[in-house]
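Me: I'd like to learn how to read the strands, helices and charged pairs in a model like this. Can you walk me through it?

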There are 2 protein chains.
Amino acid sequence: MRVSLKDVAEHAGVSIKTVSNVVNNHPHVTPAMRSRVQRTIDELGYRPNLAARHLRKGRTGIIALAVPELGNPYFAELAGAVIDAAAEHDVTVLLDHTQGDREQEILVSQGFRERVIDGLILSPLELEAEDLGGRDGDVPLVLLGEREYDLPYDHIAIDNVAAARTAVRHLLGRGRTRIVYLGARTDSANRPAHLRLDGWRAELTAAGLPAPDELVGETTGWDRDDGAYAMARILDSGVRPDAVFAYNDLVAIGAMRVLHERGLRVPWDVAVVGFDDIAEGRFGAVTLTTISPDKPAIARLAVRSLLHRLERPEERTGRRLTPEYRLIERESTLGRR
Amino acid sequence: MRVSLKDVAEHAGVSIKTVSNVVNNHPHVTPAMRSRVQRTIDELGYRPNLAARHLRKGRTGIIALAVPELGNPYFAELAGAVIDAAAEHDVTVLLDHTQGDREQEILVSQGFRERVIDGLILSPLELEAEDLGGRDGDVPLVLLGEREYDLPYDHIAIDNVAAARTAVRHLLGRGRTRIVYLGARTDSANRPAHLRLDGWRAELTAAGLPAPDELVGETTGWDRDDGAYAMARILDSGVRPDAVFAYNDLVAIGAMRVLHERGLRVPWDVAVVGFDDIAEGRFGAVTLTTISPDKPAIARLAVRSLLHRLERPEERTGRRLTPEYRLIERESTLGRR
């Protein structure tokens with residue numbers, strides 16, 4: 001059973017108020033009383049109620065993190081990193097998923113649970129700048145992910161164009177020249193896929209190679225089955241790629257399944273690079289080469305930015321913070337060692 | 001910009017209170033006024049603030065779901081199902097992960113954020129019955145998962161022993177007789193692994209086969225690398241299994257990677273069955289046969305049980321609800337078709 005303030009008070013033979021004063025470093029406590037209560041706290045292993053301590057600062061000690069899809073391991077892993085980063089500041093994280101739906105993202109960003117949370121970290125997919133312009137709540141907001149907004153909120157994302165170029169450069173370095181980009185979403189002009197698509201195109205162009213539309217595989221989502229479907233369509237169209245750069249690891253994993261079914265060997269016939277470095281890519285018959293964004297850094301920067309805003313609500317300039325990424329080379333481009 | 005109660009009031013030329021009365025079906029509104037306000041609501045596309053409606057019932061409209069690990073796709077998928085099930089009742093879900101740590105589970109179960117949530121759905125790993133016995137909060141609690149507690153809380157879990165027997169029976173039906181159980185955790189007597197381990201043993205015994213300890217692979221966790229490590233250790237010990245029944249899909253996926261590295265073909269040399277039916281198992285070079293718990297049913301029962309408790313706080317008997325499961329046969333036992 002959890003030790004309460006009352007248990008400590010009874011055990012030390014003092015009032016609950018006195019124990020509370022000691023826990024909260026209230027000045028009107030004698031050193032003798034402080035050490036007597038502290039001894040009991042240590043003996044019983046009492047842990048002060050953090051929620052109450054936040055409340056004294058007019059806060060709940062709770063921040064919200066809204067991601068598009070928890071079924072996507074990248075977001076599940078990122079959420080774990082944010083929970084860990086927040087715990088270092090004694091802050092609890094409440095997770096929400098928006099399913100990448102604009103309405104849901106608006107609802108979340110407008111702070112419909114303002115009474116509950118001190119701030120919000122939002123990773124939007126479909127949200128438009130105008131949706132945030134109308135935001136009238138006082139709840140601080142930090143944005144994550146590839147969507148770029150010209151708005152006074154801190155925005156944390158790796159350099160997606162540069163990362164995509166790194167991935168394509170790696171494939172070029174392995175002698176590949178017919179490199180498919182898998183996971184373009186053309187239903188919106190501002191989608192993150194286009195930054196990575198831009199990087200793919202820029203790197204091919206820099207290498208003096210064409211980047212024709214027939215090498216671009218469109219998808220309606222970024223899950224495994226989207227990757228499988230797009231890969232099958234490209235192969236069925238008669239295109240014979242020697243490499244695939246996928247929008248994310250899930251799309252890459254779907255593509256690898258289809259390559260396997262068609263008897264094409266990864267990496268010998270077709271090399272594959274993903275994006276996200278989800279745990280799943282480290283297993284399977286062929287481990288996946290991928291761009292690994294520094295998730296702990298993203299999480300740490302997001303939490304710190306939010307807490308900074310809480311301390312300085314008057315600041316209204318949006319900072320652009322750019323965590324590191326690296327290429328992790330595995331069997332899908334190097335083969336089995 | 002989101003339409004507010006105030007916008008509707010200004011547009012309809014009535015007071016905010018009147019709009020509120022209409023939205024909340026207050027009896028003292030004339031039919032004429034009601035239709036005038038409703039017309040403006042429809043025109044502007046105003047959506048009433050659900051949080052406010054819950055508040056009138058003395059609730060926040062928020063329930064918490066605490067799972068051990070969001071990095072485990074089973075829990076991420078289950079969380080998505082709970083969010084969907086709750087949305088049908090206009091309830092928002094706040095997700096928490098406890099990392100399967102007893103202290104964290106106690107903290108969550110003791111309702112440290114009572115002011116925020118109406119109720120809690122908790123999937124514990126290490127929590128002991130005595131930890132819940134000391135619970136003094138009024139926040140209703142529903143338990144998920146394999147741990148059995150003799151306590152007055154509703155508990156929702158599939159029949160793990162029967163499900164494990166189904167998995168083993170399938171392997172026996174494929175002619176396998178040296179079936180390893182992978183993922184026993186022996187650091188606690190009550191761990192869920194033991195229900196599935198019991199099922200494995202019972203089914204082998206019923207078939208007149210031995211179930212020696214050398215066929216039991218112990219792990220310290222239930223992730224992919226735990227499965228890989230345990231599988232390698234069993235093979236290194238000289239045991240030559242013709243099948244593996246794994247505690248969950250992640251353990252099975254780790255085991256399959258090691259079988260692949262050792263040149264053992266799944267299913268021809270070693271057939272593999274997992275548990276959970278995570279999306280990952282539907283892809284890869286060899287798709288995974290698995291026990292698929294009915295996650296939407298688990299989620300629906302959990303939310304309904306919690307809301308039932310909210311309506312009838314005086315009820316103090318714990319019900320045991322047992323959702324369905326089924327065996328999904330894939331390549332890891334059937335081979336490629």
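Me: Which strands does α11(A) lie across, and at what angle does it run to β9(A)?
Reply: Contact here means heavy atoms within 4.5 Å. Axes are lines fitted to C-alpha atoms, for helices over the stretch in contact, and angles between N-to-C directions run from 0 to 180 degrees. Helices (H or I, at least four residues) and strands (E, at least two) are DSSP runs numbered from the N terminus. In this case α11(A) lies across β6, β8, β9 and β10 of chain A, and runs at about 155 degrees to β9(A). Before going on: this is a predicted model, where local features need pLDDT of at least 70 and side-chain atom pairs count only at pLDDT 80 or more, while totals for chains, interfaces and linings use all residues. Residues are numbered from 1 along each chain as its sequence is written, chains are lettered from A and ligands numbered from 1 in the order in which they are written, and side-chain values use heavy atoms, with hydrogens and water left out.

Me: What is the strand order of the open sheet in chain A?
Reply: Two strands pair if DSSP finds at least two bridges between them. Here six strands line up as β7-β6-β8-β9-β10-β12 (chain A), with mixed pairing. β7 (216–218) and β12 (325–328) of chain A are the edge strands, each pairing on one side only. From one strand to the next, the twist averages 20 degrees.

Me: How many bridges join β8(A) to β9 of chain A?
Reply: Three, and β8(A) and β9 (residues 271–275) run parallel. To place a residue pair, A:Val244 has A:Val272 in β9(A) as its bridge partner. The chain gets from β8(A) to β9(A) through helix α11 (residues 249–261), a right-handed β-α-β crossover. Right-handed means that, with the strands pointing away from the viewer, the path from the first strand over the helix to the second runs clockwise. β8(A) also pairs with β6 (residues 179–184) of chain A, parallel and over four bridges, and A:Leu182 has A:Ala246 as its partner there.

Me: And in which sense do β10 and β12(A) pair?
Reply: Antiparallel, over four bridges, with β10 spanning residues 289–293 of chain A. A:Ile291 stands opposite A:Leu327 in β12(A).

Me: Which way do the side chains of β8 point, and are they buried or exposed?
Reply: In a regular strand the side chains alternate between the two faces of the sheet. Buried means under 20% relative accessible area, exposed over 50%, and partly exposed in between (1.4 Å probe, protein chains only). In β8 (residues 243–246) of chain A, A:Ala243 and A:Phe245 point one way, A:Val244 and A:Ala246 the other, and all are buried.

Me: How many salt bridges are there over all chains?
Reply: The count is 32, where a salt bridge is a side-chain nitrogen of Lys or Arg within 4 Å of a carboxyl oxygen of Asp or Glu. Take A:Arg169 and A:Glu203, which meet at 3.1 Å, N to O. A:Arg169 sits in helix α8 (residues 160–173) and A:Glu203 in helix α9 (residues 193–206) of chain A, 34 residues apart. A:Arg169 is partly exposed at 44%, whereas A:Glu203 is buried at 7%.

Me: Where are the partners A:Glu280 and A:Arg224 in the chain?
Reply: Their side chains meet in a salt bridge at 2.8 Å, N to O. A:Glu280 is in the loop between β9 and β10 of chain A, and A:Arg224 in helix α10 (residues 224–236), 56 residues apart. A:Glu280 counts as buried at 7% relative accessibility, and A:Arg224 is buried at 5%.
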